[in-house]
Amino acid sequence: MGGGQRRTSTENQTAPSSSIWSHFWSSATRTKPISDSGIRTGSGDGLVRSLGMFDLILLGVGASIGAGIFVVTGTVARDVGPGVTVSFILAGASCVLNALCYAELASRFPAVVGGAYLYTYTAFNELTAFLVFGQLMLDYHIGAASIARSLASYVVTILELFPIFKENIPDWIGHGGQHYLGGAISLNLLAPILLALLTIILCRGVGESSVVNSFMTATKVIIVLIVIFAGAFEVDVSNWTPFAPNGFKTVLTGATVVFFAYVGFDAVANSAEESKRPQRDLPIGIIGSLLICVILYIGVCLVITGMVPYKFLGEDAPLADAFKSKGLKFVAILISVGAVAGLTTTLLVGLYVQSRLYLGLGRDGLLPSVFARVHSRRRTPIHSQVWVGIVAGILAGLFNVHILSHILSVGALTGYSVVAASVVALRLKDKASSQVSSTSWKEGVTCLFIVACSGFGAGVFYRFNTSFTFMVIAVIVAILASCSLCFRQTYADMPGFSCPGVPIVPTICIFFNMFLFAQLHHEAWVRFVILSIITIGIYAFYGQYHADPSADETIIYHRAPEEDSR
């Protein structure tokens, strides 16, 4: 009898925990259905469709090319030599493959906000999508604060060209003043002011912010072209020999570094709800903006390595120093102006993308509904936009976020890898109901996971200079998993833009992205694990109880006027 009472007591204790776990699991594994039913004309909480194809291309260029084009090209060239051009070509080719995956999903999905988060939610599950959002958002928050401080520093540098300001601007205004707690805290007054101004522009409407972005991006591109053409007349082709003085391995290592110079083209995917013709224009905007960036980067690389022997390139401002050495000081001033324009557009687009991601999660219930509110007249998510500006302003105004730069890029690589996997998973899923069993779909996803692990393993072996045999084994395992995807799975044909070479192209993307992940600072790996645990905790205590995967079906979107949408 006593034993029966103990069994009953035990069952009563395990029942609630079992119920909690089963609710968590059922919530975490649910997906978001793809449906066009949410796209209707009328009035409501939707955004206005006002971005054309040219606006989207400028959006991608504005997000991708910042001050780095004037700095990263030279700093990497000091280690790689003239072969840095090949590094940018290899990194650009990898990004183009990632862009093809983004372009297919952007063309296929209903024109709503979300980007990588939305694609993951539909292809895999709710918890994975929330994890992707967490990794992306930390990158965006720290990145925005870091860019704001750099922009403030450049603005002060330009102001100091005038005698009235020279040596009269305290460091705490723009360069960062007195450091506290070992340099972690550093006051900066101008950075939050610049963030507030850009936030106001974004709150006024996507039309106004698009005009600012287009003007600043055009200014930046024109200055880059001037730099390329002015430098072309100072090129000495003998400086290109030897082309790879430190061997091809340094060229490959350089590619892993400059890959992040292209990050930003994916911002176009988050503007789907404000695009006039999303199914046509988003793929063009994503791929077109990236190709423009590749061409500009290659042009700058050829010029800087041709003007000055790579060994004599400066560390802080290599391109500007190269022009000063040739007596072209006016070009060095233009470079500072171009850096301000580049940082402004990068920051503007970054703040824009963050607010749209918060809007998407607010609609789905994974975040409080305040983030889902859209201003009735401006048609912008003002609450989300202001929140993003406040977070970036606090980080930029009080903290020396530059010291956190080595833990960035985790979100970008995570997002790119999951998007590439989503292309394969959704094509498999399309036929799951009739031609492909759920077991076959799981087998396909398992193969993608093996490719990811192989890429990370190969990257670790490469980074720590272990036996070349281990790296070859990792590559062979990835090839076998890819062969399984090719010959054991069936794939659906996609309407609209279709990524070529599925599943080979997505698996190459996943492998290389994870290879790059292994090259990041070890603190970036720790950040990935810790943030994932925190994100799961937030989801367990809030997200799983409030999420509604079909929430977008009740939202009414605003199409562009008929004459603009043809």
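How many nonpolar, polar and charged residues are in the lining of the second largest pocket? In this predicted model, that lining has 21 nonpolar and 7 polar residues, with no charged ones.

**Second largest pocket**
- The second largest pocket holds about 960 Å³ of space.
- It is lined by 28 residues, and those closest to its centre are Thr128, Val418, Phe449, Ala452 and Phe528.
- Two or more lining residues come from each of helix H1 (2–28), H6, H15, helix H16 (438–463), helix H18 (504–519) and H19.
- H16 supplies the largest share of this lining, with 7 residues.

**Largest pocket**
- About 1400 Å³ of space lies in the largest pocket.
- Its lining counts 43 residues, with Gly143, Ile147, Phe260, Leu408 and Ser409 closest to the centre.
- Among the helices that give two or more residues to this lining are H2 (53–64), H3 (68–80), H10 (248–258) and H13 (329–364).
- Helix H6 gives the most to the lining of the largest pocket, at 9 residues.
- By class, the lining of the largest pocket splits into 24 nonpolar, 17 polar and 2 charged residues.

**Gln544**
- Gln544 sits in helix H19 (residues 522–546).
- Gln544 counts as buried because its relative accessible area is 4%, and the cut-off for buried is under 20%.
- A polar atom of the Gln544 side chain lies 2.6 Å from the backbone oxygen of Ala540.
- A polar atom of that side chain also lies 3.4 Å from the backbone nitrogen of Phe24.
- Beyond its neighbours within four places in sequence, Gln544 is in contact with His23, Phe24, Ser27, Arg30, Glu126 and Tyr539.

How values were computed: Residues numbered from 1 in each chain as written. Predicted model: local features only at pLDDT ≥ 70, side-chain atom pairs only at ≥ 80, totals over all residues. Heavy atoms only, no water. Helix = DSSP H or I, 4+ residues; strand = E, 2+ residues; numbered from the N terminus. Buried < 20%, exposed > 50% of the residue type's maximum accessible area, 1.4 Å probe, protein only. Polar contact = N/O pair within 3.5 Å; in protein donor to acceptor, adjacent residues only side chain to side chain. Contact = heavy atoms within 4.5 Å. 1 Å grid on protein atoms, 1.4 Å probe; cavity = no way out; pocket = protein on both sides within 12 Å on 5 of 7 lines; lining within 4 Å. Points joined across faces, edges and corners; volume = space filled by probe spheres on them. Nonpolar A, V, L, I, M, F, W, Y, C, P; charged D, E, K, R; others polar.
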